[in-house]
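Me: I am new to reading protein models, and I would like to go through one step by step. Could you help me with it?

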Amino acid sequence: MTTETAGPFEASERGPTSTGSRTTMILGIVTLLALGVLVLFGLILSPADENQGDAVRIMYVHVPSATLSYVGCFMTAIGSAVYLWRKSQWWDLVAYASAEVAALFTAFTLVTGMLWGRPTWGVFWVWDARLTSEAMLMLLLLGYLAVRGLAADYQVRAKRAAIVGLLLVPNVFIVRQSVQWWRTLHQKPTLTLAGAHIQGLMLFSLFTGFVAITLAFVWMVIHRFRVAWLEEQVDAEGLDVAIAERRAEGVAS
Amino acid sequence: MAMLHDAWLIARKDLKLEIRSRVALNQVVPFALLVLVLFAFALDPDRGLLEKATPGLYWIAVLFSGLLAMQRSFAVEAADGVTDALRLSGLAPAGIYLGKTLSVAVQLLVLEVLLGVGVAVLYGTSITGWLLLLATIVVATAAISTAGTLFGVVAAGLRVRETLLPLLLLPVLAPVLIGSTRAFEAALSGTPSEGWPWVGLMSVFAAVYVVAGIFGFGPLMEES
């Protein structure tokens, strides 16, 4: 389906020419089916929790999306590292796409976490280590995306974003460590998530959640990447057209 | 060795600039003291909150006024094509990074001493645990200036630099704020053993950023 074109400044790089292909379409359909199975198991077939009641069902989307927010962060760091090493636009845009989807998943994790917190703890927010570090991850990703949104030359922006992206992983580690100490030195952990003792259908529903949410994550990253790639192509092409027009003017006069 | 020599040259240049222009002295220091007074307005001095919250308020004041010093560290390079001149000077980029870090660190140390006197006088905080306090100040200053200089150059030369730098830097410095505040609390409450792990964490942070700065500054300088 995809006919390949050269990248704007590195002739060897090739990328997509449309936002989707047959493979991504199949992936999308599989994702939708998986989400359907998740709804079936998460909302209907799995039992309510003894203590938490129906609120426990939020876990099936909350825990996978929290995990994937960190995966996206790692992918951004890897993409940034390869960009700095090889100057590959492909990898730069992988970093960009993963960061944007990771930010979305982080926001989703925070929102579902708060919705889960209200019925179980009685409040939307507690200064728990996990919540706080997820919120800090969101802010770090927003900083990275702010650099991506700069109105500057492609190379300038990509290089600066790559340095910030590469530092995401050490930052996330140090933030997590400090927040954990911060909470445990001063008070006992206020809560333990339901993860410790689940079994049977609940465990299977959580597994379904992981599969479905991971598929959705992959689908979104691929499409975000393809759109970003095409955007860069249009920009580069627009410049080529403008240069050609100027040249034509010169010949005509 | 050339790197350290270049670092010394850059640090001396920046500090000489600060001594002669007196911007840090006439604007950043008053701003830092102003923050201390504003905290007193926000948290009624009669309720004893100020003394209890001294470590946190102190480090917030350091971060906010330090941001101004870091902005300036790159603003002075923006005029008259100084950035190009620096690039043409043949100084090692890692040396430029270390030099700028050193000059920011010296300015932060001056600010921290003044703010320390400020909280002791204005908030009536009695100061104990000197060894831990000094160690915290040294490693926290190293952590703030190494990260601040690296993100300073990421934001340098852009139209949005004044707004971008705080957004990038403050979340990154959150562990340093937590660590320095907890270490100060431990020192002031007479339980210094609780504070030392934080000093260790901040040292790791500073080490990560020194390495990142030494390797990342060169590529960033080329494009800015």
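Reply: Happy to! Let us begin with a term: a residue is buried when its relative accessible area is under 20%, exposed when it is over 50%, and partly exposed in between, using a 1.4 Å probe and the protein chains only. This is a predicted model, where local features need pLDDT of at least 70, side-chain atom pairs count only at pLDDT 80 or more, and totals for chains, interfaces and linings use all residues; side-chain values use heavy atoms, without hydrogens and water. Residues are numbered from 1 along each chain as its sequence is written, while chains are lettered from A and ligands numbered from 1 in the order in which they are written.

Me: Is A:Thr109 buried or exposed?

Reply: A:Thr109 sits in helix H3 of chain A, residues 89–121; helices (DSSP runs of H or I, at least four residues) and strands (runs of E, at least two) are numbered from the N terminus. Beyond four places in sequence, A:Thr109 touches A:His62, A:Ser65, A:Ala66 and A:Glu134, where contact means heavy atoms within 4.5 Å. Because its relative accessible area is 4%, A:Thr109 is buried.

Me: What is the relative accessibility of A:Ser205?

Reply: A:Ser205 belongs to helix H7 of chain A, residues 200–252. Leaving out neighbours within four places in sequence, its contacts are A:Leu38, A:Phe41, A:Gly42, A:Ser46 and A:Tyr60. A:Ser205 counts as buried because its relative accessibility is 0%.

Me: In what order do the elements of chain A run?

Reply: Chain A has seven helices and two strands. Read from the N terminus, the order is β-β-α-α-α-α-α-α-α.

Me: What average pLDDT does chain A have?

Reply: pLDDT is the predictor's confidence in each residue, from 0 to 100. In chain A, 88% of the residues score at least 70, but the value stays under 50 over residues 1–11 and is below 50 over residues 186–191. Where pLDDT is low, the predicted coordinates should not be read in detail. The average for chain A is 84.

Me: Which helix supplies the largest share of the lining of the second largest pocket?

Reply: On a 1 Å grid over the protein atoms alone, a pocket is an open set of points with protein on both sides within 12 Å along at least five of seven lines, a cavity is a set where a 1.4 Å probe fits but cannot get out, and lining residues have an atom within 4 Å of a point. The second largest pocket holds about 420 Å³, and of its 20 lining residues, those closest to the centre include A:Trp182 and B:Leu177. Helices H4 and H6 of chain A and H4 and H8 of chain B each supply at least two lining residues. The largest share, seven residues, comes from H8(B).

Me: How many charged residues line the largest cavity?

Reply: The largest cavity has about 60 Å³ of space, and its lining includes A:Leu139, A:Tyr144, B:Phe151 and B:Pro171. Ala, Val, Leu, Ile, Met, Phe, Trp, Tyr, Cys and Pro count as nonpolar, Asp, Glu, Lys and Arg as charged, and the others, Gly among them, as polar. The lining has 10 nonpolar and two polar residues, and the number of charged ones is no residues at all: none.

Me: Which helix gives the most to the lining of the second largest cavity?

Reply: Among the residues that line this cavity are B:Asp14, B:Ala69 and B:Arg72. The lining divides into three nonpolar, three polar and three charged residues. With four residues, the helix that gives the most is H4(B).

Note on methods. Grid points are joined across faces, edges and corners, and a volume is the space filled by probe spheres set on the points.
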